[in-house]
Amino acid sequence: PAWLRRLCGQLLSERLMRPSGVQAVVRGIMEGTGGGTGAEAAAVDWRKCDTVAKILASCPQQCLSLEDYYRLVCPQILNLLHIQDKPTARQFQRVATTTLLTMVKEHPQLAEKHLLQPLLAPLLRCSES
């Protein structure tokens, strides 16, 4: 029903914008994948990663502004690149890179400010020295 969809969307949005919310949502959705073998398991894993990335790249209706959403969520997306556990890291890196690409396509200026500049800052510092 529509009311349930709205309520789930609202709860998901609220969780995403909390500290460590992105990681919690990604863990919750991706739990149970990555354990299989073969092409079919890999395809399911990729589809799930793409779906999660689309969710993360979409600004929720409850958010007051797209700028606020990017400011809150983008640092968390970049943190997904630093997960240490190998199987989890692979999935989280897929989600992070797909989300990054989607955000850059949809809102290039905001993505540059909140994703690309922080991501490339160490490289830029090294090249300036």
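I began with a term: a salt bridge is a side-chain nitrogen of Lys or Arg within 4 Å of a carboxyl oxygen of Asp or Glu.

**Ground rules.** I noted that this is a predicted model, in which local features need pLDDT of at least 70 and side-chain atom pairs count only at pLDDT 80 or more, while totals for chains, interfaces and linings use all residues. Residues are numbered from 1 along each chain as its sequence is written, and side-chain values use heavy atoms, with hydrogens and water left out.

**Overall layout.** I looked up the secondary structure and found 6 helices and 0 strands, where helices (H or I, at least four residues) and strands (E, at least two) are DSSP runs numbered from the N terminus. Read along the sequence, the pattern is α-α-α-α-α-α. I then checked burial and saw that 33% of the 129 residues are buried; here buried means under 20% relative accessible area, exposed means over 50%, and partly exposed lies in between, with a 1.4 Å probe and protein chains only.

**Salt bridges.** I found 2 salt bridges in the structure. In one of them, the side chains of Lys113 and Glu67 meet at 3.1 Å, N to O. Lys113 belongs to helix H6 and Glu67 to helix H4, so this pair ties together parts that are 46 residues apart in sequence. I wrote down that Lys113 is partly exposed, with a relative accessible area of 46%, and that Glu67 is partly exposed as well, at 29%. Arg71 and Asp68 also meet in a salt bridge, at 3.4 Å, N to O. These two residues are 3 apart in helix H4, which means that about one helical turn separates them. Arg71 has 43% relative accessibility and counts as partly exposed, and Asp68, at 26%, is partly exposed too.

**Helix H4 against helix H6.** I next looked at how these two helices lie. The axes of H4 (residues 66-79) and H6 (residues 108-128) come within 9 Å and cross at roughly 25°. That makes H4 roughly parallel to H6, since angles under 35 degrees count as roughly parallel, over 145 as roughly antiparallel, 65 to 115 as roughly perpendicular and the rest as oblique. For axes I noted lines fitted to C-alpha atoms, for helices over the stretch in contact, with angles running from 0 to 180 degrees between N-to-C directions. The crossing of H4 and H6 is right-handed, a word used if the near helix is turned clockwise from the far one by less than a right angle, whereas anticlockwise gives left-handed.

**Helix H2 against helix H5.** I found that H2 (residues 21-30) and H5 (residues 86-106) pack at an angle of about 115°, with their axes 11 Å apart. That makes H2 roughly perpendicular to H5, and their crossing is right-handed.

**Arg94.** Arg94 and Ala53 are 41 residues apart in sequence, yet 8.6 Å apart in space, C-alpha to C-alpha.

**A surface patch.** Finally I turned to Trp3, which is placed in helix H1 (residues 2-16) and counts as exposed at 52% relative accessibility. Trp3, Leu4, Leu7 and Leu11 make a nonpolar surface patch of about 390 Å². Patches are made of residues with over 30% relative accessible area and no salt bridge, with like charges joined within 9 Å and nonpolar side chains (Val, Leu, Ile, Met, Phe, Trp, Tyr) within 5 Å.

How values were computed
Areas by Shrake-Rupley, 256 points an atom, 1.4 Å probe, with all protein chains shown as cover.
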